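Take a look at the structure shown here.

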Amino acid sequence: MFDLVILGGGPAGYVAAERVAAKGMSVVLFEKKELGGVCLNEGCIPTKTLLYSAKLYDNAVGGAKYGVNTREVDFDYTRIIDRKNKVVRKLVAGVAAKMKAHDVKVIKGAAMIEGRSQSGITIAVGEEKFFAKNLLVSTGSEAFVPPIPGIATAGQYLMTNRELLASKECPRSLVIIGGGVIGMEFASFFNSLGTEVTVVEMLPEILGGTDPEISLLLREIYTKKGVKFNLGCRVTAIDGNRVEYTDTVNGTHSLEADRILISVGRRPVTAGFGLENIGVQIHKGGIKVDERMRTNIPNVFAAGDVTGFSMLAHTASREAEVVVNNLTGRRDVMRYNAIPGVVYTNPEVAAAGHTLESARAAGLDAVERKLPMAYTGRFVAENEGVNGLCKVIVGREHGEVLGVHMIGNPCSEIIYGACMAIEQEMTVTQLEEVVFPHPTVSEIVREALFTAE
C-alpha cells in the first residue's frame, strides 16, 4: 500500500512525487511515455532550445548594428534539431535521477483506475495491481485538432507541435492556424530561419487575453520581419497542403505551404484511464477541483493541465505543491492572481495579473502607468532599433499593484518580481522604496510607477 499514487510524470506529477517522497511518504508514479511530460518532451524545453538557436542567428545576422561584422552567417538545421534532442534527453535523465534519489517507484506503462474502497484506490498496469491511500491525477493535455473538413486526409502536410518539433527539415513555407502563444513562438523560430510564415487567426488580434497594446506591438514587429497575418479569419477546409479560410470582408481565400501547423489550443486528457470508475467530476472538459486541488472524491486530487484551468508548467508545479502540503498536514490553497505568462518570441512578452481591461471588468477601479523600455539604459545598449513597452496596472484608491505587462528582452527573467509584488499586495509606494540594480532592464518596472496615469 503506497501513500500516494500519481498518474502522469509531467511538471505536476514529478514535482509532487519528489516533494511527497522528501517528506517520508511512499509514492508510485505511472507514466506511459517519458518523464517530464509535454513540457519537457514536446513543449516548453524543446521550443525554447530552438528559439535560442534562432536568437543567436538573429544576433549574428544583425551584428553590424553593434559594430560586429561577420562575413558569412549560416545555420545548420540538423544540428539545431540534434541539440534540441540532446537537451531534452539530458533533462529527462535529470528528472529520472531525482525520482531515483527520492526512492520514487516509477512504472512506465498505461495505468488504469480500477476502483476505490474504504481501504484505498486500486490501479492496474496490465496484470499488475497497485494500491494507495491517495491518488493524484496529472495526466496533462493534448493538442486540440478541430474538425475542419479535410484535416484527416492532409497527411504529411499537417502537423501539431509534436510532429513539427520532431521534423528534421526546415520548411520553405509554413501556414500556422492559430496565433496564440504556441503559434507565435513557432512563427518566431521559422521566420528567423527564413521560412515564409503566414498566421491565420480567428480572433481580431494575436495572443488572445494578452494586453491588447502589447499584442499589437508584437504583431507589428513581426509584420516588419516578414510574417503575414490574416486576422478575423476562420479556416473552412484543408486540402492537402492548401488551407481555405474566410474573412468578414473579402470572402473566401486559400493558401498553400510546405507544412501546416495546427495550434488552436490544448485540451485536458481525462479519458482512457478509468476516472469514471470512481466517479470523478468533469467540468468544462477538465477535472473539477477546489482551491486545495481536491476533486469531488475523497483522497483524490488533480493538478496540472488536466484541470483545464491554467495550462502552464509552472502552474502545474505549484498546484502539485499545494497537493503535497495538504497531504502532509499543512493547509495550503492555490491562488491564480499572479501566475506569470511568457511568450518566448524575439522580443519576448511577459505578463502577470490583471490587464486594465480585465481589472475594470472585475469591478476594480484601476489605472495604467506605462513607459517605453527605452527609458532604461541597459535596454537601449542591448536592443538597437527595437521597441519595447512596460505597463503597470494599479488600483486608483490604494495604489496596489494589480498587473504588469511587458514586451522586450529579457522580460521573461524580470516578470517574477512583478508576481511577488502582486502576490504580496504591494502598493506603488512600497515598490518605489525597493532599490533596483542599475543599469538593468528591470528598472523599467520601478520607473513606470512614476509616470502619470
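## Salt bridges

This is a predicted model. Side chains of opposite charge can pair when their charged atoms come close. The structure holds 27 salt bridges. The table lists three of them.

| Pair | Closest N to O distance |
|---|---|
| Lys98 and Glu18 | 3.9 Å |
| Glu368 and Lys391 | 3.2 Å |

Start with Lys98 and Glu18, whose closest N and O atoms are 3.9 Å apart. Lys98 sits in helix α4 (residues 77–101), while Glu18 sits in helix α1 (residues 11–22), so this pair ties together parts that are 80 residues apart in sequence. Lys98 is partly exposed, with a relative accessibility of 41%. Glu18 has 13% and counts as buried, because buried means under 20%.

Glu321 is partly exposed at 23% relative accessible area. Arg318 is partly exposed too, at 25%.

The pair Glu368 and Lys391 forms another salt bridge. Glu368 belongs to strand β22 (residues 366–372) and Lys391 to strand β23 (residues 389–395), so the pair ties together parts that are 23 residues apart in sequence. Are these two residues buried or exposed? Both Glu368 and Lys391 are buried.

Some salt bridges join into a network. Which residues does such a network link? Glu18, Arg19, Lys98, Arg318, Glu321 and Asp332 are linked in this way.

## Cavities

How many cavities of 30 Å³ or more does a search of the whole structure find? It finds 2.

The largest cavity holds about 40 Å³ of space. Its lining consists of Ala143, Asn161, Ile182, Ile262, Ser263, Val264, Gly265 and Arg266. By class, that lining divides into 4 nonpolar, 3 polar and 1 charged residues.

The second largest cavity holds about 30 Å³. Thr47, Leu50, Leu51, Glu185, Phe186 and Phe189 line this cavity. Helices α3 (44–61) and α6 (181–192) are the elements that give two or more residues to this lining. Here the classes are 4 nonpolar, 1 polar and 1 charged.

Methods:
Residues are numbered from 1 along each chain as its sequence is written. This is a predicted model: local features need pLDDT of at least 70, side-chain atom pairs count only at pLDDT 80 or more; totals for chains, interfaces and linings use all residues. Side-chain values use heavy atoms; hydrogens and water are left out. A salt bridge is a side-chain nitrogen of Lys or Arg within 4 Å of a carboxyl oxygen of Asp or Glu. Helices (H or I, at least four residues) and strands (E, at least two) are DSSP runs, numbered from the N terminus. Buried means under 20% relative accessible area, exposed over 50%, partly exposed in between (1.4 Å probe, protein chains only). On a 1 Å grid over the protein atoms alone, a cavity is a set of points where a 1.4 Å probe fits but cannot get out, and a pocket is an open set with protein on both sides within 12 Å along at least five of seven lines; lining residues have an atom within 4 Å of a point. Grid points are joined across faces, edges and corners, and a volume is the space filled by probe spheres set on the points. Ala, Val, Leu, Ile, Met, Phe, Trp, Tyr, Cys and Pro count as nonpolar, Asp, Glu, Lys and Arg as charged, and the others, Gly among them, as polar.
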